[in-house]
Amino acid sequence: MNAESQSEAASDALEFEYDLAEPPEKVWRALMVPELLAAWMMPNDITPEIGNRFAFAGTDAAIECEILDAEPERLLRYSWREQADDPARQDPLDSVVTFTLARTVSGGTHLRIVHDGFSRKAMPAIVMADAGCRLSLGLRGAGKPIAANTPRLVLLAA
């Protein structure tokens, strides 16, 4: 992703960054093994190959995904399409999630998560997304902002 496309996406994206003690190999496994991914996200049937489709068992409806890009221990990008069970629900989320992993000097992992296509109307979900990431990654009360580009109003509501 070049700087121009990154800045275009930033206005409609959630961005999270974490430094983890675990090495990229271990973090990559947590993203690619269904049981490990389910432990911090949702039940799923992910398969680690570009073009493969999988689904998360969301609380309200299934989330259909397709792996768009995968570079072992470096990058995972997949589509994220909510399948609304309720016909009255409008505008289900159709977006892209990108995980970027980089080895830190100490041998851990700098993890960057970007959820593109997350319009401002979905802001209440940001608080839930951040809380879920913090709890799953063991970062309770870490004192970091919810997301790099989250409006101050949401930060105060959290």
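Leaving aside neighbours within four places in sequence, Pro43 is in contact (heavy atoms within 4.5 Å) with Ala38, Ala55, Phe56 and Ala57. Pro43 sits in the loop between H3 and strand E2 (53–56). Pro43 and Ala57 are 14 residues apart in sequence, yet 5.4 Å apart in space, C-alpha to C-alpha.

This is a predicted model, in which local features need pLDDT of at least 70, side-chain atom pairs count only at pLDDT 80 or more, and totals for chains, interfaces and linings use all residues. Residues are numbered from 1 along each chain as its sequence is written, and side-chain values use heavy atoms, with hydrogens and water left out.

**Overall fold**

The protein has 5 helices and 6 strands. These are DSSP runs numbered from the N terminus: helices are H or I with at least four residues, strands are E with at least two. In order from the N terminus, the elements read α-β-α-α-β-β-β-β-β-α-α. Of the 158 residues, 39% count as buried. Buried means under 20% relative accessible area, with exposed over 50% and partly exposed in between (1.4 Å probe, protein chains only). Among contacts with a separation of 6 or more, 44% come from residues 24 or more positions apart. Accessible surface totals about 8900 Å², and carbon and sulfur atoms hold 55% of that. Areas come from the Shrake-Rupley method with a 1.4 Å probe; for residues, only the protein chains shown count as cover.

**Aromatic pairs**

A search of the whole structure finds 6 aromatic pairs. Rings of Phe, Tyr and Trp (its six-membered ring) pair if their centres lie within 6.5 Å; planes under 30 degrees apart are stacked, over 60 edge-to-face, the rest tilted. Two of the pairs are tabulated.

| Pair | Centre distance | Plane angle | Class |
|---|---|---|---|
| Trp40 and Phe99 | 6.2 Å | 85° | edge-to-face |
| Phe54 and Phe56 | 5.5 Å | 75° | edge-to-face |

The Trp40 and Phe99 pair links distant parts of the chain. Trp40 lies in helix H3 (residues 34–40) and Phe99 in strand E5 (residues 94–103), 59 residues apart. Both are buried. Phe54 and Phe56 are buried too. Ring pairs join Trp40, Phe54, Phe56, Tyr78, Trp80 and Phe99 into a cluster.

**Ser79**

Ser79 belongs to strand E4 (residues 75–82). Its relative accessibility is 2%, so Ser79 counts as buried. The Ser79 side chain makes a polar contact with the side chain of Arg81 (3.1 Å). Such a contact is a pair of N or O atoms within 3.5 Å; within protein, one must be able to donate a hydrogen and the other to accept it, and residues adjacent in sequence count only if both atoms are side-chain atoms. Not counting residues up to four places away in sequence, Ser79 touches Glu64, Cys65, Glu66, Leu68, Ser95 and Val96.
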